[in-house]
Amino acid sequence: MIELDRVSVTFGSGQTALRAAHEVSFRVAPGEAFGLVGESGSGKSTVLRAVAGLIPHAEGTITIDGRAVPNRRPRETRKIIQMVFQDPYGSLHPNQTVDQTLSAPIAIHRLGDTERRIVAALAEVGLGREHRYRYPHQLSGGQRQRVAIARALILEPRALLLDEPTSALDVSVQAEILNLLTRLRRDHGLTMLMVSHDLAVIAHICDRIGVMRGGRLLEMTTAAAMAEGRVSDPYSQQLLRANQTLDPGAPAEDIVA
Amino acid sequence: MTGPPLLEVRNLRVVYPGDDGDVHAVRNVSFSLGRERLGIVGESGSGKSTAGRAIMGLIPRPGRVEADVMRLGETDLTRLDEREFRRLRGKRIAMVLQDPKFSLDPVMTVGKQIAETHRYHFGSSWKAARIAALEMLEAVHIRDPERVYALYAHQVSGGMGQRVMIAMMLIAGPEILIADEPTSALDVSVQQQVLAIMDEMVRSRGMGLILISHNLRLVSSFCDRVLVMYAGQIVESCRADRLHAATHPYTRGLLAALPELGNRRTELPQLRRDPEWLADLPAIGGAAS
C-alpha cells in the first residue's frame, strides 16, 4: 500500500543543510499497521509528512497504491491517504463548525451526497448529531480528535497517517481514541502508518515497528519482539529501557541509577 | 515519612465564583509532606495543579483559597499577604513548571536569571551571585557552566533548560520543591536524567518534593507516596509502589486504560465515570489529626 525506497529529506542547502531523513526505506502492506518510534528530532514526523505530501522529498521514491507519486500529488492520491495530527486544538479551524470542517473535503473532491457522508462519519467516530454545528472550542480534547479522525475518514481513504494522535490527551481519553482506531482498522481494512514516542501506544496499535534516530531507520522490529525485549540495536534497547523502568511496580531506585 | 512534616494542609479549598454559584476547583484536600517525594496524579481538570498553586499563593482573584490549616514549618500560609508570599516563594517553596521554553526569560541569559534569584533572596552582589549560580549549574550536572551561563533560553535544549530551572529554583535553598509536570515536554531518555537530578538534589538537601503529573507510571516509579485526584478531591492515597494495587475504581480504571508493552488487548477498558465519585469525601491523604 505504502512503499518508501531510500527516501531522503533535506531542509536548507549548502553548509547549513539539515538532512532530516536519510535513505529511509520500508513497506506497509494493505491493512497493516506500521509504527515509527524515536525521540524528537529523529525524523519520524518528517517521514510521515513526506508520505502525506506535505513536504517534498528530495530523493528516493514514494509509492502509494502501486504508483510512484510525484511531489505534487494528484487528487486521487490525496483521497486515498489522509492524515490525523497530534494536536486537536491546533488542527481544526477555530472559526468553522464541525459541519463546515467536514464539508470542505467533500466539496474539494466533488463527492456530493454531503448530508449522508457527514452523518455517517460522525456516527463512525462516536459523535452525536448535537456535535455537528459546534465550534471546536465547544468540544473537549477527545471530541476534537474524533472530529479530526472523522475529517480524515470522510473521503473513505484506504490509509491513515497518524502523527502522535493521542499524546495531547488524558489517559482515559487516549484509551477511547486507541479503541476507535483499532475498530476503524478492523471494520474498514485501513492501512495505518503511525508515529509516536510512546512505545506502549505504538505497540498497542502496530504490528511492525521501525526505530528511528538522527534521520535514519535503525532497526525494524515487531511489537511482540519489543515486548520481550528482543531488539538488537543498542539505541533501541536504550529506548526500550527508558520506557520500561517507568512500569508500575518497578522499584524507584532503578531510574535514579 | 521521616521527621516532622515540612508542610501541612488540612481541608484545602480553592473556590472560583461562577454564574451559578461557587465552583470548587479543589476541595477537602488534606495531606502532609515530610522529607519525601509525594506524587499527585490526576487528569486535566482534576485540580492537581491548582492545589500546587494554592500552596504557593498563586491563585489569582477572584479565586479564593480557604483552608483549616495550611502551614509551612512554623509559617501559617493562610495569613500571608502578597508581599510576604513573594519573599517566601523561591526562598522556602519553589516551583518547576512544564516547559522551560516558557518559564525562562527570553531576553536575559539563563545564568543571569539564576544569579538574579540569588540576589533577590540574599541581597548579594552580582559577583557573589554569579559564583553561586555557576556552582548551582555544576550541581545540576551541566558540564561547562561558564558557557551555559551566557546562553539565552532559545539556545538551550529542553533537558538543559529544565536543569537551569531546577538550578534557579534551588539556589535559595527552599524546603519544598513543587514540580508541575516537569518532564512532560521532554523526550523519554531526557526525562530520566532530569528526574534523577531532581531526586539527587532533593535527597542531598533533605527537601520535600511534590511531583504533579498525569503520568501514572512515572509517579509510581519515582515517588514514595501518591495522591490520586479526581474532580478536585483526593480520592485515594497510597504508597507509590502499591499504586498497581489501588482500590478506588477511578484509579483502577486509569491503570487499566493504559496500553502496556507485552500485554496487548484488542480493546482497552474505557473509564466509566461514576457520578458517586463527585460526592464530598471525608478528608483523606495521610494527614495526622
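## Close-up views of a predicted two-chain model

**Figure 1. Strand E9 of chain A and its partner strands E3 and E10.**
Within strand E10 of chain A, Glu219(A) is the bridge partner of Val211(A). The model shown here and in the following figures is predicted. Strand E9(A) comprises residues 208-213, of which 5 of 6 are buried, and the strand is accordingly described as mostly covered. Towards strand E10(A), residues 216-222, E9(A) forms 6 bridges, and these two strands run antiparallel. Towards strand E3(A), residues 33-37, E9(A) forms 4 bridges, here in the parallel sense. Val211(A) also takes part in this second pairing, where it is the bridge partner of Val37(A).

**Figure 2. The open sheet E2-E1-E4-E5 of chain A.**
Four strands form this open sheet, in the order E2-E1-E4-E5, and their pairing is antiparallel. Its edge strands are E2(A), residues 18-28, and E5(A), residues 67-68, each of which pairs on one side only. Strand E1(A), residues 2-11, is joined to E2(A) by 7 bridges in the antiparallel sense. In this pairing, Leu4(A) is found opposite Phe26(A) of E2(A).

**Figure 3. Helix H1 of chain A against strands E1, E2 and E4.**
Helix H1(A) lies across E1(A), E2(A) and strand E4(A), residues 59-64, and runs at about 65 degrees to E2(A). The helix covers residues 44-52 and is mostly covered, with 7 of its 9 residues buried. Which residues of H1(A) are buried? They are Lys44(A), Ser45(A), Thr46(A), Val47(A), Leu48(A), Ala50(A) and Val51(A). Just after the helix, Gly53(A) has a positive phi of about 85 degrees.

Chain A contains 10 helices and 10 strands. Its radius of gyration is 19 Å, close to the 18 Å that the globule rule gives for 257 residues, so chain A is as compact as a globular protein of that length. The C-alpha trace spans about 55 × 45 × 35 Å along the principal axes. Of the 257 residues in chain A, 43% are buried. Of the contacts in chain A between residues at least 6 apart in sequence, 65% join residues at least 24 apart.

**Figure 4. The side of chain B that touches chain A.**
How many residues of each chain are in contact across this interface? Chain B contributes 33 residues, which are in contact with 33 residues of chain A. On the side of chain B, helices H8 (188-204), H9 (216-222) and H10 (249-257) each supply at least two of the residues concerned. By class, the residues on this side of chain B comprise 14 nonpolar, 11 polar and 8 charged.

**Figure 5. The contact between domain 1 and domain 2 of chain B.**
Domain 1 of chain B is made up of residues 1-79 and 224-289, and domain 2 of residues 90-223. Taken over C-alpha atoms, the centres of these two domains are separated by 24 Å. Across the contact, 29 residues of domain 1 meet 22 residues of domain 2. Strand E3 (37-41), helix H1 (48-55), strand E10 (225-230) and helix H10 of chain B each supply at least two residues of the side of domain 1 that touches domain 2. E3(B) gives the most to this side, with 5 residues. This side of domain 1 has 15 nonpolar, 6 polar and 8 charged residues.

**Figure 6. The open sheet E7-E8-E9-E3-E10-E11 of chain B.**
Six strands form this open sheet, in the order E7-E8-E9-E3-E10-E11, with mixed pairing. Strands E7(B), residues 93-96, and E11(B), residues 233-239, stand at the edges with a single partner strand each, so one side of each has no neighbour in the sheet. On average, neighbouring strands of this sheet are turned by 20 degrees against each other, direction ignored. E10(B) and E11(B) are joined by 6 bridges in the antiparallel sense. In E11(B), Arg239(B) is the bridge partner of Arg225(B).

Key. Residues numbered from 1 in each chain as written. Chains lettered and ligands numbered in written order. Predicted model: local features only at pLDDT ≥ 70, side-chain atom pairs only at ≥ 80, totals over all residues. Buried ≥ 20, exposed ≤ 12 C-beta atoms within 10 Å, placed from the backbone. Pairing = 2+ DSSP bridges. Rg over C-alpha atoms; globule rule 2.2 N^0.38 Å. Contact = placed C-beta atoms within 7 Å. Nonpolar A, V, L, I, M, F, W, Y, C, P; charged D, E, K, R; others polar. Axes fitted to C-alpha atoms, helices over the stretch in contact; angles between N-to-C directions. Domains from an automatic or database assignment.
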